[in-house]
Amino acid sequence: MGVATVGFAAVSPLRAVYLSYSSHVSDGVSEEQTQPARVALPGPHKWRMVIAYDGTKFAGWQYQQSPPTIQCLIENALTCITKLDRKDLCLVGASRTDAGVHAWGQVAHFITPFMYDSLDTLHAALNGLLPPEIRVREISAACPEFHARFSTKSKTYQYKIYNYPVMDPFRSLYAYHSSYKLNPVVMREAAAYFVGNHDFSSFANASHNDRLGNPVKEIFRFDITELDALLLLEVEGTGFLFRQVRNMVALLLQIGREALPPDVVPKIMAARDRKELAKVALSAPPQGLCLMSVNYNNESLEPPEGCPAASFGRTHSVSKCKLAFY
């Protein structure tokens, strides 16, 4: 079975951010273009989005009024375009990324009672209303059975570590700086212990908004790649507990500094107690973490018959230059 990758005094912070971004329209979208043509077909209809975002300024994915979150800003944009209430849209994300965590391949779905004849205008309108740190990369029709969270087969996260005495200022928002010289050989040895079916209770922070769940998860791979001063840690698994990836990275950092041996991983895992990890490592900071992809079976990505083609964004062209450049 195939798997496919897919601050204002009188205004609340959320409304201040949203108004500052939606007061102008970007990506070449005018206000009259923000209402895509609808088709009167029996609903409801489900739509899937692939979303990228720089999480630096936001309090994570999950909806909350203040401070602003990714989900809240996307819901505000969808509400403006569809004229539907957020409770009717039922926007759901595949992963509840934390504050400061980034995404390249977050997946979400929402519902409308009407069909669109084309998704290009909807796509452009969404990106026109969203802040530049958030972009919908793709939007497509989804089958009724598809669920962004519960249909997931695996998720892939990447953690970046800049391993050099002086931090590259152009990477400071997207990588963790380790001035300690790391040993990638022992880090790979330790990472191999995470692969397979394990109880990851020792690597999960306290339950937060029901996110603890079943502590047994399967890790398919945990790769560590060297790119000059940059270390890329990429892990793929069926799912991850609250702060699990950042906690695994934190332990690997201690092992890479040669403060702990690689075989400490199975010992801490066997304890099934977060306090055991806390004795030797704190959670790695959020800016190095990015949700790269959410993967599904190909069958669950098949669109219903009669739906519009998926939109990957518009390509603009200029046939004639009207003004000279100086």
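The expected span of a helix is 1.5 Å times one less than its number of residues, where helices (H or I, at least four residues) and strands (E, at least two) are DSSP runs numbered from the N terminus. The model shown in these views is predicted, so that local features need pLDDT of at least 70 and side-chain atom pairs count only at pLDDT 80 or more, while totals for chains, interfaces and linings use all residues. Residues are numbered from 1 along each chain as its sequence is written, and side-chain values use heavy atoms, with hydrogens and water left out.

**View 1**

**View 1. The largest nonpolar core, with 82 residues.**
A nonpolar core is a set of buried Ala, Val, Leu, Ile, Met, Phe, Trp, Tyr and Cys residues joined through side-chain atoms within 4.5 Å. Among the 82 residues of the largest core, Met 49, Ile 74, Ile 161 and Leu 233 touch the most other members. Helix α6 (residues 244–256) gives the largest share of this core, 8 residues. Because domain 1 (45–150) and domain 2 (153–293) both give residues to this core, the core lies between them; the domain bounds come from an automatic or database domain assignment.

**View 2. The surroundings of Ile 161.**
If its neighbours within four places in sequence are left aside, Ile 161 is in contact (heavy atoms within 4.5 Å) with Tyr 176, Ser 178, Leu 182, Met 187, Ala 229, Leu 230, Leu 231, Leu 233, Val 249 and Leu 253.

**View 3. Helix α6 and the positions before and after it.**
With 13 residues, α6 reaches 18 Å from its first C-alpha to its last, which is close to the 18 Å expected at 1.5 Å a residue. The helix is mostly covered, since 13 of its 13 residues are buried. Arg 243 has its place in the loop between β12 and α6, and its phi is near 65 degrees, a positive value in a residue other than glycine. At a relative accessible area of 26%, Arg 243 is partly exposed. After α6 comes Glu 258, whose phi is also positive, near 65 degrees.

**View 4. Asp 228 in the loop between β11 (216–227) and β12 (230–237).**
Although Asp 228 is not a glycine, its phi is positive, at about 55 degrees. The relative accessible area of Asp 228 is 84%, so this residue is exposed.

**View 5. Thr 79 and Thr 82 in helix α2 (residues 70–82).**
Thr 82 has a relative accessible area of 1% and is therefore buried, whereas Thr 79, at 30% relative accessibility, counts as partly exposed. Polar contacts are pairs of N or O atoms within 3.5 Å; within protein, one atom must be able to donate a hydrogen and the other to accept it, and residues adjacent in sequence count only if both atoms are side-chain atoms. The side chain of Thr 82 reaches the backbone oxygen of Leu 78 at 2.7 Å, and a polar atom of the Thr 82 side chain lies 3.2 Å from the backbone nitrogen of Leu 84. The backbone oxygen of Leu 84, for its part, lies 3.4 Å from a polar atom of the side chain of Thr 79. Leaving aside neighbours within four places in sequence, Thr 79 is in contact with Leu 84, Arg 86 and Leu 89. Thr 79 and Leu 89 are 10 residues apart in sequence, and their C-alpha atoms are 8.0 Å apart in space.

**View 6. Ser 140 in strand β7 (residues 134–142), and Ala 309 in the segment after β13 (289–297).**
Ser 140 is buried, with a relative accessible area of 6%, and beyond its neighbours within four places in sequence it is in contact with Lys 46, Trp 47, Arg 48, Leu 119 and Ala 310. Ala 309, at 61% relative accessibility, counts as exposed. Ala 309 and Asp 120 are 189 residues apart along the chain, while their C-alpha atoms are separated by 8.9 Å.

Key. Buried < 20%, exposed > 50% of the residue type's maximum accessible area, 1.4 Å probe, protein only.
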